[in-house]
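I opened this structure to look up its aromatic rings and one of its sheets. My notes follow in the order I checked things.

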Amino acid sequence: MVVKRTEKESKSKMKMSIFNTLTRKVEEIKPIKKGEIGMYSCGPTVYGRAHVGNMRAYIFADTLRRVLEYYGYKVKHVMNITDVGHLTSDADSGEDKMQKSAREERLSAWDISKKYTELFFEDEKELNIIRPSVVCNATDHIKEQIELIKSLEKKGYTYKTSDGIYFDTAKFKKYGDLAKLNIEGLQAGKRIDVGEKKNKTDFALWKFSGEDEKRDMEWESPWGKGFPGWHIECSAMSMRYLGDNFDIHTGGIDHIPIHHTNEIAQSESSTGKKFVNYWVHSEFLVLGEQEKMSKSLGNVINLDTIKEKGFTPMDYRYLCLGVQYRKRLIFGEDVLKSAANSMQRLRNKIIEIKEENPKKIELSKLSSESKKYLEEFKESVFNDLNTPKALAVMWNMLSDNEISNSEKYNLILDFERVLGLGLDKIKREEIKIDNKLQKLLDKREEFRKQKKWQEADKIRDEILAEGYVILDTGEGPKLEKSGK
Ligand SMILES: [Zn+2]
């Protein structure tokens, strides 16, 4: 249904809203400081290559940042790099993931960190993810983490065991609110050995280096030589760069019950203030049945795996945008193929429009028909980041014959600010036309001149079977690669 709006109504500022895990409601975003947003995203643990499931969370954080900027906010986006302290088990036991990779790859933990941080940012670049305003390593902020633990110790929130300094979760009354954890139920089910911990949910703030353990990364502290726990880094660095109370914190939903729950406990116990106003989480990417069974793909699919199959990073980004961030993305070659098809159609459409040398038009001077699409696009993304709807609006706009190509092109450039699909850089790929193709093209032209449309269409189909579509431009027919 098309909603007709008066000029005045469409000019009034729309609201931007997002689902807040803290309240389980879609809420209007009201920044702490007018016109500005402070946003923190939990970054990668750089012990190995990020897989597509990880990358979905970063594409989501990037899209949120883009939408906030599109709305008009000045965004300070901070992301950490976990290069120490993330243990293989959530129960603060097991090996440090960095040390484990170091041992396996026969490199130092520092080299592992460097290697996978570089790979991570290469992937981010290929996915057209805007680099956060601040990227901070845990190992560069040991001082801040020690200070935070000291302040918690002073306030009586910590205790010591033989392997480290722990946070006593029973002392933080709101513990588990974010995840709506049933703490009593958890405590009652104390069958699991908690070791020296007082409560099952208590977690390490500082871990001591083992007596005979050879660690590449360890530091002196008031409690002895060791390294920080994983959760403390995010509290320390987010508050260091964004203040004690800031607007938005993002991450995957897997972070809700432990990592983010612990971040809140540490930060709020230390400052006595509310830590974060909006907690925003992206759902999982899960493998479809086919992929689960396919041994060749293994269960770890990264950007290289995708490229080896003939897809582009932008095909993957399109796939992510096609599913709202709060819904599960069922991943498989079939859905990737369909995203690649859409990307190819989009590329062809944009090339076709560009052939006509579109003029630059200010958005305020667009026709009312075009403005309607602009409003619909904004409504979609400002309403809990409904990117699938935004893509649908874009396609409707592109196929609307009432709108000139110039207007279409200007709208695409505007939508690109949010979508990040590289639509502003699309240009015709040079296609080498071999003899066979040239002959077919000439024959088709001949039929068209004779107005033998059926015969001409038959040849168009033959060319399509070769993998190309014909675009009839002002300068004659041109070829473009067809979708898969
Ligand atoms: Zn974190």
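I searched the whole structure, a predicted model, for aromatic pairs and got 16.

I took Tyr-58 and Phe-120 first. Their rings sit edge-to-face, 5.0 Å centre to centre, with 85° between the planes. Tyr-58 belongs to helix α2 (residues 52-71) and Phe-120 to helix α4 (residues 109-126), so I noted a link between distant parts of the chain, 62 residues apart. Are these two residues buried or exposed? Tyr-58 is buried at 11% relative accessible area. Phe-120 is buried too, at 3%.

Next I looked at Trp-206 and Trp-223. This pair is tilted, with 6.1 Å between centres and 50° between planes. Trp-206 lies in strand β8, while Trp-223 lies in the loop between β8 and β9. They are 17 residues apart. I found Trp-206 buried at 0% and Trp-223 buried at 12%.

I also noted one aromatic cluster, with Tyr-70, Tyr-71 and Tyr-73 among its members.

Then I checked charges over rings. The charged end of Arg-240 sits over the ring of Tyr-241, 4.4 Å from its centre. Lys-372 lies over the face of Tyr-373, 4.7 Å from the ring centre.

Which order do its strands take? I read β6-β7-β8-β9, an open sheet of four strands with antiparallel pairing. The edge strands are β6 (158-160) and β9 (226-228). The twist averages 25° from one strand to the next. Helix α5 (residues 142-154) packs on this sheet and touches β6, β7, β8 and β9. Its direction makes about 120° with that of β8.

Notes: Residues are numbered from 1 along each chain as its sequence is written. This is a predicted model: local features need pLDDT of at least 70, side-chain atom pairs count only at pLDDT 80 or more; totals for chains, interfaces and linings use all residues. Side-chain values use heavy atoms; hydrogens and water are left out. Two strands pair if DSSP finds at least two bridges between them. Helices (H or I, at least four residues) and strands (E, at least two) are DSSP runs, numbered from the N terminus. Axes are lines fitted to C-alpha atoms, for helices over the stretch in contact, and angles run from 0 to 180 degrees between N-to-C directions. Contact means heavy atoms within 4.5 Å. Rings of Phe, Tyr and Trp (its six-membered ring) pair if their centres lie within 6.5 Å; planes under 30 degrees apart count as stacked, over 60 as edge-to-face and the rest as tilted. Buried means under 20% relative accessible area, exposed over 50%, partly exposed in between (1.4 Å probe, protein chains only). A charge sits over a ring if NZ of Lys or CZ of Arg is within 6 Å of the ring centre and within 35 degrees of the ring normal.
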